[in-house]
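Please walk me through this model in the viewer. Tell me what to select at each stop and what is there.

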Amino acid sequence: MATLKAVRGTRDLLPPETALWNKIETAARRVFARYNFGEIRTPIFEDTGLFARGVGEETDIVSKEMFTWEDRARAASEKPQSLTLRPENTAGVVRAYIEHKLGETGQLQKLYYVGPQFRRERPQKGRYRQFWQIGAEVIGPPSSGSESPLRDAEVLEMLATLLDEMGISGWTLELNSVGSAADRARYNETLRTALIPVVGQMCADCQRRAVTNPLRVLDCKVPEDQPIIATLPTIADSLGEDSKQHFAAVRAALDSAGVAYTLNPRLVRGLDYYTRTTFEFTHGGLGAQNAILGGGRYDGLSEAIGGPKAPGIGFAMGLDRLVLTLQAQESDQNAKPAERPAPEVKIDAYIAPLGESVNAAALALARELRRAGMSIELGDGSFRLKKSFEAADKVARKIVILGEDELAYGILTVKTFSTGEQTKVERGSLCDFLKN
Ligand code: HAM
């Protein structure tokens, strides 16, 4: 029988690497708490229409990369429905904001999420079909201050802090403004005109997009089209006075907080909901998939999916890419990582029952110690003592031997591997002994 494997573009994450994933998530949750964000968890699948209307029909994500299926009705009361595994989380968060009428509180909503997303992209290093994002959204009615450029700058400043606390160094913040909906409409017309004489030499996708949504021509990855794309006008010239002022205020606040950035007038991002500020953080250690995170403002997204006016700004970081970046940084610091011994993170003790008759009592002892906060590995009474010692030495700092005599007299033998010392310890003081 053919062996079953994880589906192309998906992968298993195993210990000890998962400890690094947890470390990053813990750092993120710590920073989010400091900035007064609360966690939101939305379903991993949604009505397909949410992404079609929110992210945009003409984007690569919606037109090529979604995992979509027709969900059959199971009862006469149900209707068949087109469902999609979420390719990103912003649309889901805004749907939840509308559904739970969070805007009616009048407060700015500051929400973060950690979870898997799904895109049918061509898999390569740093690009997977199931990948993880840590993201956050700041959204609210205009009266809550949600449109203020200070919010944009604060989110970017928080990102600089987040990356620092995760231990990621050497990133670049690329910044742009894609203007208001009206500015974008103007830019789309400018692009449409500029494309007329050249689009005949471009790929089929670009030819279609030149008509339906010219902005998306800028997402084209076909190498032959790049020299043409480089000659197209940038959005900077289409920005209206309000957008220019908003962007200037974002930049002034970033300068004041000392957050460095590079302006990139071609950064339009591959999702249709963006307005005004857009950004990406890139990292040199990643190769082709060098964006560790991306985001921006989406002032019209709520209305696009049937909600009230609710300007917002947010970002999502690729957790898979953060892990790769940290691993690349670590191997840079140590020229020959393979020769380094793995860092020793040993548990407090290994309990070795001497014979199967004390297995049950060993479980009770393990429970007692674990409930007292000790990290414990439990052996098995069918092991010979030598095998228990070998197994214990690999994972634990100490071994506790539990036989019939030990049980009867309440005195246990404990060996400390680092010193080779063997000590008799009363059961009552075992916890204190193991702690030291
Ligand atoms: P995005 O740029 O599509 O934005 O994705 C954000 C980040 O997710 C990327 O910078 C990258 O690190 C990671 N990522 C994307 N696709 C993959 C993949 N196939 N494999 C591994 N990592 C990937 C969004 O998703 C927006 N929702 C961000 C946002 C939030 N904008 C406003 N609020």
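**Stop 1: a pair in helix 3**

Start with Asp60 and Lys64: they lie four residues apart in helix 3 (residues 60-64), so about one helical turn separates them. Helices (H or I, at least four residues) and strands (E, at least two) are DSSP runs, numbered from the N terminus. This is a predicted model, in which local features need pLDDT of at least 70 and side-chain atom pairs count only at pLDDT 80 or more, while totals for chains, interfaces and linings use all residues. Residues are numbered from 1 along each chain as its sequence is written, and side-chain values use heavy atoms, with hydrogens and water left out.

Show both side chains. They meet in a salt bridge of 3.5 Å, N to O. The term means a side-chain nitrogen of Lys or Arg within 4 Å of a carboxyl oxygen of Asp or Glu. Asp60 is buried at 15% relative accessibility. Lys64 is partly exposed at 44%. Buried means under 20% relative accessible area, exposed over 50%, partly exposed in between (1.4 Å probe, protein chains only).

**Stop 2: other salt bridges**

The structure holds 27 salt bridges. Select Arg30 and Glu165 next; their closest N and O atoms are 3.3 Å apart. Arg30 sits in helix 1 (residues 17-34) and Glu165 in helix 5 (residues 149-166), so the pair ties together parts 135 residues apart in sequence. Arg30 is partly exposed at 43%, and Glu165 is partly exposed at 31%.

Now go to Arg276 and Glu147, whose side chains form a salt bridge of 3.0 Å, N to O. Arg276 belongs to strand 9 (residues 275-283) and Glu147 to the loop between strand 6 and helix 5, so this pair links parts 129 residues apart in sequence. Arg276 is buried at 13%; Glu147 is partly exposed at 27%.

Then select Glu58, Asp60, Lys64, Asp205, Arg208 and Arg209. Salt bridges that share partners join them into one network.

**Stop 3: Tyr261**

Find Tyr261 in the loop between helix 9 (241-257) and strand 8 (262-263). Is Tyr261 buried or exposed? Tyr261 is buried, at 18% relative accessible area. Its side chain makes polar contacts with the side chains of Arg251, at 3.3 Å, and Asp255, at 3.1 Å. Such a contact is a pair of N or O atoms within 3.5 Å; within protein, one must be able to donate a hydrogen and the other to accept it, and residues adjacent in sequence count only if both atoms are side-chain atoms.

**Stop 4: strand 5**

Select strand 5 (residues 109-118). 10 of its 10 residues are buried, so strand 5 is largely enclosed by the rest of the structure. Strand 5 pairs antiparallel with strand 6 (residues 130-139) over 10 bridges. Look for Gln117 opposite Phe131 in strand 6. Strand 1 (residues 38-39) runs parallel to strand 5, joined by two bridges. Strands pair if DSSP finds at least two bridges between them.

**Stop 5**

Finish at the open, mixed sheet of five strands, ordered 13-12-14-15-16. Strand 13 (376-378) and strand 16 (422-426) stand at the edges with a single partner strand each, so one side of each has no neighbour in the sheet. Val400 has Val414 in strand 15 as its bridge partner.
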